[in-house]
Amino acid sequence: MINFGPAKKYGRRSVGAKDVICLACRTVACGVVCAQLAAGPGGWAAAQNSPAGRAEVASSREATASTASAFSTSMDAKKVVNDPVLKVMQAELSRASTELGKTDQAPYYLSYTVYDQDYVVLVGAYGSLLTDAAAKRRQADVTMRVGTHALDNTHGQSRASGVTSGSLPLSDDQDAIGRVLWELTDREYKRAVPSLMNVRTNTAVRAEEEDKSPDFSKEASAIHIGEAKAPLTLDRETWEGEIKRLSAIFRKYPDVYFGSVMLQVQNSNARMVNSEGSMVVTPSASTRLIMEAQTRADDGMELLRVETFQAPTAKGLPAESELSAKIEKMAADLKALRAAPVAEPYDGPALLSGRAAAVFFHEVLGHRLEGHRQRDEEEGQTFTKMVGQEVLPKFLSVTDDPTTKQIGDVKLSGSYDFDNEGTPAQRVDVIQNGVLKNFLMSRMPIKNFGVSNGHGRNQPGLMPTGRQGNLIVTSSQTIPEKEMRQKLIDEVKKQGKPYGLYFDDIQGGFTLTTRSLPQAFQVLPVIVYKVYVDGRPDELVRGVDIVGTPLAALTRIVATGDQEHVFNGICGAESGSVPVAAVAPAIIFSEMEVQKRAHAHERPPILPPPGFEDSAPAVAAQSVAPVATRTGARP
């Protein structure tokens, strides 16, 4: 479930653009595929009416000329010559630099980013293919800032005026590409200038802002030409056969009313050039396999199980035997959940598995450490003034490190080399031994944090903001993971409660960060057990969500396990949907609150599925014609 398009409903509350929704990737409908795209320097100064302002424009034009020259001398000429798209981006940037620099409102910053995407999508259900598609896409973002670093057209709620996006020709016809870049640049300039006028007017008539930081930081230029990835290749016939076989397993289970297997293989290349002299080319390749199954309990509650796997190429995905076992487990989980009782509201000790804890930290802590939230006066600013203070138990530390590619044998979704503003990715120690030290910064400065640390991220068509990449929680005080259950029971006994809760798996979650709404979070568990102190077997329950407020919840961590666990997913916020990862050990809380989950009351399917008319399987899953097994797969 990903936040695209109109607001989605969660119970009685509408989730809008200011909320952040971070969920395991799942299909919205089997035939609908969202292609997710990657994912004091000189420049122009704005003209002012004062003599000083006019002098700033003149010096800016000189800087622009030197910037254009720098493009031809500071890079690997051979790589650029071989890239016609990059050549036309440079040429148009230089031309726009000269022409717009003559206007009364000359931009002080301009960048072009071109995203190429080549992808294959295969979707299967019940032993047949629903989607078999391959496509190419090329999109351009023109980002422009008019005014000065201190105050420009993107200030405050006008941030969207900084970017215009459109499709580019798929061929490398330089004239055709240049024509579209020219049109997008003109359109963006005509957005940016009026926006600057509105910003200046609003600044003059509104009360003074608490954080008077500039709108854009001054960063060193970067030159990086990443190594091109091999052309996208996929043994379509072999994978079509495997997806048919995997999805056919769901036919054995009458209570699974929707089951699908999706393979997304994507090669991307992002090229960025800007008026500061930066040139960054970052090719990437990813493969994602998503298996989803749904059912509905007799009371109408929809139940969902999703398993995702990712690797740089399809050869890195688990073997078919492992995937088949996962599907069998998903179906068994759904059968058990249909029969499980609905849990009642609860407040007491709880144990989160490492995967569940990773989602918890991403939602409760990670979003409130994103830099722009410390400045926006509509935000709750939970941790803005807590730098140097203890916000977690002393045995916990938190970093966000996009340069870490893998934990154990699991690839991390939130890895990248350069962020979307052309800044090198950096490891950021946000919390050390429980003490808040830093925030995740884009090129939007905040008080006491004036430069980017490589976390400016966005989906194409939106302005970057400080976002999480790979959020990693570590503990200096651990106990063996096999002892965590007993530790939970000990805590429950100490509080005199009959049971605690164990959260084994998580679907995702969302958090509210604006001042106009409660500073609350909601995490969406899938597999939850009551753990009794009197020796009764653990009891599976359904229909609960973890809720709370961050400052209270984070102080109630009492123990952590000794193993790292990874949650890979897609995070949606103001700058769009980006891939992220969270890593954490299992965690015990002395107190955690859960509430009943809102749900529909539609009955399960009235008719039995074909082959199950007598309430018992009449036939097993039909056989699927064998095809060649893929090679190179590893568990």
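**Exercise 1. Work out how covered strand E11 is, and which strands pair with E11.**

Step 1: Strands (E, at least two residues) and helices (H or I, at least four) are DSSP runs numbered from the N terminus. Buried means under 20% relative accessible area, exposed over 50%, and partly exposed in between, with a 1.4 Å probe and protein chains only.

Step 2: check the cover. E11 takes in residues 346–352, and six of its seven residues are buried.

Step 3: look for neighbours. Strands count as paired if DSSP finds at least two bridges between them. With E27 (residues 587–596), E11 pairs in the antiparallel sense over six bridges; Leu-352 stands opposite Ile-587 there. With E20 (residues 499–511), the pairing is parallel and has three bridges, and Ala-350 stands opposite Leu-501.

A word on the ground rules: this is a predicted model, where local features need pLDDT of at least 70 and side-chain atom pairs count only at pLDDT 80 or more, while totals for chains, interfaces and linings use all residues. Numbering runs from 1 along each chain as its sequence is written, and side-chain values use heavy atoms, with hydrogens and water left out.

**Exercise 2. Classify the ring pair Tyr-346 and Tyr-499, then the pair Phe-360 and Phe-589.**

Step 1: recall the rule. Rings of Phe, Tyr and Trp (its six-membered ring) pair if their centres lie within 6.5 Å; planes under 30 degrees apart are stacked, over 60 edge-to-face, and the rest tilted. The structure holds nine such aromatic pairs.

Step 2: take the tyrosines. Their ring centres are 5.2 Å apart and the planes sit at 20 degrees, so this pair is stacked. Tyr-346 belongs to E11 and Tyr-499 to E20, so the pair ties together parts 153 residues apart in sequence. Tyr-346 is buried at a relative accessible area of 9%, and Tyr-499 is buried at 14%.

Step 3: take the phenylalanines. Phe-360 and Phe-589 come out edge-to-face, at 4.9 Å centre to centre and 65 degrees between the planes. Phe-360 is in helix H7 (residues 354–364) and Phe-589 in E27, 229 residues apart. Both Phe-360 and Phe-589 are buried. Ring pairs also join them with Phe-361 and Phe-521 in a cluster.

**Exercise 3. Find what covers strand E23 and which strands pair with E23.**

Step 1: go face by face. Val-544, Ile-546 and Gly-548 are buried on one side, and Asp-545 and Val-547 on the other. That makes five of the five residues in E23 (544–548) buried.

Step 2: list the partners. E21 (residues 521–532) pairs with E23 in the antiparallel sense over three bridges, with Val-523 partnered by Ile-546. E27 is also antiparallel to E23, over four bridges, and Val-544 has Lys-596 as its bridge partner.
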